[in-house]
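Hi,

Here is the structure I said I would pass on.

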Amino acid sequence: MSLLTKQPTYKILLNQLKNAMSDNQNSESGNKFKTWLISFSDGYNDQNSCVDDLVKVTNIWIQGTVVQIDQDTLVINDGTGLAVVVGSQKLSYNSTPVQVADFVMVIGYVTHAGKIPHNPAWNISYNGPLQVLARLKAIKVTPANENSMLSRGVWWTKEVHDSQKHVVDALK
């Protein structure tokens, strides 16, 4: 997983993964991990969005509320979509157990993106209006506490948009 952790990590709102496209060219370069083409303008309906806004993404940083825990699987709701996160129990540095209703920061490798069909093996019991838009293999999961500096709600959305604007500007 060392090559994987050397890939950039991008702050994302899950609804931005709705139209993610697999970047099949990545397999030609010898990498064994998936890369996704994601529009950084999808999350905030930029009228000036264009093909240049597509960014190759392997790892993402999301923040949201844990809505379900099932063995080694977390379901995270960031307010725009759901992510199924696997492998969090195997992370050796997690000393604080994550619980349902915790606000968490997750850095993960995107194994599936887009409108993901319901998989009965995931045992998701969420019945709200949001769709599962990502399946992640956990690299880091950190629950917020009273001393954490994790942005929430509108502040997180602004932070994501600001960081994405800088990425798109740097790629031009």
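This is a predicted model: local features need pLDDT of at least 70, side-chain atom pairs count only at pLDDT 80 or more; totals for chains, interfaces and linings use all residues.

Some totals for the chain. It has 172 residues, and 44% of them count as buried. The accessible surface is about 9500 Å², with 50% of that belonging to carbon and sulfur atoms. If you take contacts between residues at least 6 apart in sequence, 70% of them join residues at least 24 apart.

Now the inside. The largest nonpolar core is made of 29 residues, and Leu 17 and Leu 136 have the most contacts within it. Two or more residues each come from strand 3 (36-39), strand 4 (54-57), strand 5 (59-70), strand 6 (73-77), strand 7 (82-86), strand 8 (103-113) and strand 9 (132-143). Strand 9 gives the largest share, with 5 residues. There is another core apart from this one, with 8 residues, including Val 86, Ile 116, Trp 122 and Val 132.

So what does Leu 136 touch, once neighbours within four places in sequence are left aside? The list is Ile 60, Ile 62, Ala 83, Val 84, Val 85, Val 86, Val 106, Gly 108, Tyr 109, Val 110 and Thr 111.

Cheers

Definitions and conventions: Residues are numbered from 1 along each chain as its sequence is written. Side-chain values use heavy atoms; hydrogens and water are left out. A nonpolar core is a set of buried Ala, Val, Leu, Ile, Met, Phe, Trp, Tyr and Cys residues joined through side-chain atoms within 4.5 Å. Buried means under 20% relative accessible area, exposed over 50%, partly exposed in between (1.4 Å probe, protein chains only). Helices (H or I, at least four residues) and strands (E, at least two) are DSSP runs, numbered from the N terminus. Contact means heavy atoms within 4.5 Å. Accessible areas come from the Shrake-Rupley method with a 1.4 Å probe; for residues, only the protein chains shown count as cover.
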